[in-house]
Amino acid sequence: MASAAEVAAMRRAIALSAAGLGTTSPNPPVGCVLLDPQARIVGEGYHERKGEAHAEAQALAAAGPLAAGATAVVTLEPCNHQGRTPPCRQALIDAGIKRAVIAVIDPTSRGEGGVTALRRAGVDVETGVLSAEARTVLGGWLEGLQNRRPLITWPYLITARGVEAIPGDTAEAQLLHLNADAVLAADGTVREAVPGSHGKGILTLEDQPPGTPAAEAAASLYDGGVRYLLLDGDHDAARPFLAAALVDRVIACMPHGEPSRRPAADLPWPLLPPGFVVAGAVRTDSFVRVDGRPEALG
Ligand SMILES: [Zn+2]
């Protein structure tokens with residue numbers, strides 16, 4: 001069983017993994033913390049960008065010789081394949097890691113992943129530690145893998161004028177851009193959510209010709225490396241994605257500051273599209289921001 005110190009370190013690794021959101025795609029956002037035998041953190045890291053060191057390698061580099069005999073606490077199963085960087089399971093073995101505590105098994109490993117190789121090398125491995133919590137960060141990437149399309153978020157402003165695209169200069173829009181890979185505009189143009197954030201040539205962003213079915217556009221963006229997509233548009237622009245049940249998350253921003261008012265009578269819906277439920281609500285400078293998610297099926 002994972003110790004209290006390992007569980008606590010996993011929560012830190014989950015936080016580290018989130019630092020890779022918006023830059024790691026098409027790779028997963030992963031975090032890693034190394035604990036010495038006295039359960040002190042001797043190194044930590046996260047994967048920032050495809051082609052750069054993975055979380056485990058970043059943590060090992062930080063720990064240096066202190067990695068010998070340490071426990072690696074990592075949010076996703078260490079990789080077992082030679083990619084642009086050497087496989088992490090080998091780096092962990094070479095560094096003298098004694099134990100590995102893992103949250104989520106990489107579904108692409110099919111039993112041939114880092115866990116098998118680490119165990120073969122005599123490393124004590126425990127899996128499934130805080131996997132639900134790790135999925136709060138990894139979930140979008142895992143779902144994308146399954147659905148072969150990006151996680152799609154549609155932020156909008158709901159005012160007396162109706163449902164509009166959220167203005168790009170709001171704090172809400174900027175936060176969403178930081179956590180996304182690409183933005184699909186109503187006219188079909190596609191741009192990187194934060195220009196230059198993925199490094200050159202990692203994402204292949206092709207504009208979607210007018211009339212491209214939503215599912216086709218989503219699949220094409222996935223093939224281009226996009227894992228987190230923002231829809232930038234009003235209700236008309238989002239409608240095909242909503243109709244095809246391709247919207248995973250809506251962010252409804254509703255202005256506040258008028259405690260008594262009579263809203264427009266012709267809104268498409270009072271707050272959220274049909275089938276969406278409130279997952280959270282906060283007050284910001286000018287809006288109430290509501291996170292909406294599809295109602296769980298079954
Ligand atoms: Zn790796």
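Biologist: Leaving out residues up to four places away in sequence, which residues does Arg 40 touch?
Modeller: Keeping in mind that this is a predicted model, Arg 40 touches Leu 34 and Leu 35 once residues up to four places away in sequence are left out. Arg 40 itself is placed in the loop between S1 and strand S2 (41-46).

Biologist: Is Arg 40 buried or exposed?
Modeller: Arg 40 counts as exposed, because its relative accessibility is 51% and the cut-off for exposed is over 50%.

Biologist: And how far is Arg 40 from Ala 5 in space?
Modeller: Their C-alpha atoms are 8.7 Å apart, while in sequence Arg 40 and Ala 5 are 35 residues apart.

Biologist: What about Pro 29, where is that found?
Modeller: Pro 29 sits in the loop between H1 and S1, and it counts as buried because its relative accessibility is 0%.

Biologist: What is Pro 29 in contact with, leaving aside neighbours within four places in sequence?
Modeller: The contacts of Pro 29 beyond those neighbours include Ser 17, Gly 20, Leu 21 and Thr 24, and also Thr 75, Val 137, Leu 138, Trp 141 and Tyr 228. As for Gln 82, which is 53 residues from Pro 29 along the chain, the two C-alpha atoms are separated by 18 Å.

Biologist: Let me switch to the strands. How does S3 pair with S4, and over how many bridges?
Modeller: S3 and S4 pair in the parallel sense, over five bridges, and within that pairing Ala 72 has Ala 100 in S4 as its bridge partner.

Biologist: And in which sense do S1 and S3 run?
Modeller: Strand S1 (residues 31-35) and S3 run antiparallel and are joined by four bridges, with Leu 34 standing opposite Ala 72 in S3. Ala 72 is therefore a residue to look at from both sides, since it stands opposite Leu 34 and has Ala 100 in S4 as its bridge partner, and in a regular strand the side chains alternate between the two faces of the sheet.

Biologist: How many residues of S3 are buried?
Modeller: Six of the six residues of strand S3 (residues 71-76) are buried, so the strand is mostly covered.

Biologist: On to charges. How many salt bridges does the count come to?
Modeller: The count comes to 14 salt bridges. One of them is formed by the side chains of Glu 6 and Arg 99, at 2.8 Å from N to O, and this pair links distant parts of the chain, with Glu 6 in helix H1 (residues 4-18) and Arg 99 in strand S4 (residues 99-104), 93 residues apart. Both Glu 6 and Arg 99 are buried.

Biologist: Which salt bridge does Asp 232 form?
Modeller: Asp 232 forms a salt bridge with Arg 191, and the closest N and O atoms are 3.8 Å apart. This pair also links distant parts of the chain, since Asp 232 lies in strand S10 (residues 228-232) and Arg 191 in strand S9 (residues 190-192), 41 residues apart. Asp 232 is partly exposed at a relative accessible area of 28%, and Arg 191 counts as partly exposed at 38% relative accessibility.

Biologist: What separates Arg 239 and Asp 236 in helix H8?
Modeller: They are separated by about one helical turn, because they are three residues apart in helix H8 (residues 235-243), and their side chains meet in a salt bridge at 2.6 Å, N to O. Elsewhere, salt bridges that share partners join Glu 6, Arg 99, Asp 124 and Glu 126 into one network.

Biologist: Now the aromatics: how many aromatic pairs are there?
Modeller: The count comes to three aromatic pairs. In one of them, the rings of Trp 154 and Tyr 156 have centres 4.3 Å apart and planes at 40°, so the pair is tilted. Trp 154 and Tyr 156 are both buried, and together with Trp 269 they form one aromatic cluster.

Biologist: Which residue lies over the face of Tyr 222?
Modeller: That is Arg 227, which lies 3.6 Å from the ring centre of Tyr 222.

Biologist: Last one: how many disulfides does the count come to?
Modeller: The count comes to zero disulfides. As for cysteines, Cys 79 counts as buried at 10% relative accessibility, and Cys 88 counts as buried at 2%.

Technical notes: Residues numbered from 1 in each chain as written. Predicted model: local features only at pLDDT ≥ 70, side-chain atom pairs only at ≥ 80, totals over all residues. Heavy atoms only, no water. Disulfide = S-S within 2.5 Å. Buried < 20%, exposed > 50% of the residue type's maximum accessible area, 1.4 Å probe, protein only. Phe/Tyr/Trp six-rings, centres within 6.5 Å; stacked < 30°, edge-to-face > 60°. Lys NZ or Arg CZ within 6 Å of the ring centre and 35° of its normal. Salt bridge = Lys/Arg side-chain N within 4 Å of Asp/Glu carboxyl O. Helix = DSSP H or I, 4+ residues; strand = E, 2+ residues; numbered from the N terminus. Pairing = 2+ DSSP bridges. Contact = heavy atoms within 4.5 Å.
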